[in-house]
Amino acid sequence: MKAAVLNDYDTSLKRADFVSYQEVPEPRIEQPTDVIVRIGGAGVCRTDLHVIEGLWRERVSVKLPYIMGHENAGWVEAIGSAVHGIKVGEPVIAHPVMSRGETLAARRGNDMHAGGAFPGIDSNGGYAELLKTSERALVKLPRTLAPKDVAPYADAGLTAYHAAKKAAGHLAPGDYAVVIGAGGLGHIGIQCLKALCAADVIAVDRSELALGLAKESGANHVVRADGNEVEAVLSLTGGAGARA
């Protein structure tokens with residue numbers, strides 16, 4: 001299959017090409033719960049640049065060459081003998097970690113703390129035609145969603161949701177939450193906050209384009225970060241400031 005392969009690190013990020021497009025062996029079903037996904041979309045994350053820089057060399061035991069890409073969605077290509085919840089051909093999005101679901105953290109739904117392979121970080125990921133993951137890591141998508149349109153939610157979406165969920169537990173009607181930065185994660189965070197609590201959301205950004213996106217995403221107020229943002233937030237909140 002074709003894949004974008006990282007063959008060596010570039011600590012200064014000055015190469016014309018960080019990865020090379022080449023033929024690699026296809027992943028195979030090895031465990032009963034394995035699933036092969038035909039990639040329909042793989043998001044590019046800032047972490048990928050850190051991997052290319054070599055900043056993760058001390059964190060994971062990955063050996064080059066390997067395939068990055070940890071924000072993945074596509075269609076089920078093949079399943080192991082113990083997979084019963086999904087079928088070949090179904091559209092899916094992949095949770096980043098291939099947890100087996102056996103630890104206390106996993107049983108509480110915190111698979112990021114449950115251990116297991118992390119495709120794209122410590123093993124081959126989704127910058128390829130096919131990805132090997134596990135049944136537990138997959139969430140079925142409605143057929144109205146194209147995998148390429150939702151793949152970044154596997155990381156960017158989870159990251160924003162994680163912060164919004166923690167904040168929402170302390171936010172009551174009449175409270176205010178400030179989202180600093182309405183970019184790739186911030187605009188998702190705004191939507192999560194609006195879905196999870198009744199607080200008013202104030203978005204702060206330097207870019208008028210980003211502030212427009214914040215309004216489209218549900219922000220109740222937008223503030224231009226021009227050096228007077230603290231005073232603007234205090235004014236919007238009647239001098240009380242934001243709770244989150």
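Student: What should I know before I start?
Tutor: Residues are numbered from 1 along each chain as its sequence is written, and side-chain values use heavy atoms, with hydrogens and water left out. The model is predicted, and local features need pLDDT of at least 70, side-chain atom pairs count only at pLDDT 80 or more, and totals for chains, interfaces and linings use all residues.

Student: How do I read a sheet?
Tutor: Strands of a sheet pair through backbone hydrogen bonds, either parallel or antiparallel. Helices (H or I, at least four residues) and strands (E, at least two) are DSSP runs, numbered from the N terminus. Two strands pair if DSSP finds at least two bridges between them.

Student: How many bridges join β9 and β10?
Tutor: Five bridges, in the parallel sense; β10 covers residues 200–205. Look for valine 179, which stands opposite alanine 203 in β10.

Student: What is the order of strands in the antiparallel sheet?
Tutor: The order is β2-β1-β4, in an open sheet of three strands. Strands β2 (20–23) and β4 stand at the edges with a single partner strand each, so one side of each has no neighbour in the sheet. β1 and β4 pair over two bridges. Leucine 6 has tyrosine 66 in β4 as its bridge partner.

Student: How do I read burial?
Tutor: Take alanine 73, in strand β5 (residues 71–79). Alanine 73 is buried because its relative accessible area is 1%. Its contacts, leaving aside neighbours within four places in sequence, include Arg38, Val92 and Ala151.

Student: Which residues are buried in helix α1?
Tutor: In α1 (residues 46–53), they are Thr47, Asp48, Val51, Ile52 and Glu53. They pack against β1 (2–6), β3 (34–43) and β4 (66–67). Just after α1, glycine 54 takes a positive phi of about 90°.

Student: How do I find empty space?
Tutor: Rolling a probe the size of a water molecule over the atoms shows where empty space is left. On a 1 Å grid over the protein atoms alone, a cavity is a set of points where a 1.4 Å probe fits but cannot get out; lining residues have an atom within 4 Å of a point. Grid points are joined across faces, edges and corners, and a volume is the space filled by probe spheres set on the points. This structure holds two cavities of 30 Å³ or more.

Student: What lines the largest cavity?
Tutor: Its lining includes Tyr9, Val51, Gly54, Trp56 and Ile121. About 50 Å³ of space lies inside.

Student: What is the volume of the second largest cavity?
Tutor: About 40 Å³. Among its lining residues are His70, Asn72, Met98 and Thr133.

Notes
Buried means under 20% relative accessible area, exposed over 50%, partly exposed in between (1.4 Å probe, protein chains only). Contact means heavy atoms within 4.5 Å. On a 1 Å grid over the protein atoms alone, a cavity is a set of points where a 1.4 Å probe fits but cannot get out, and a pocket is an open set with protein on both sides within 12 Å along at least five of seven lines; lining residues have an atom within 4 Å of a point.
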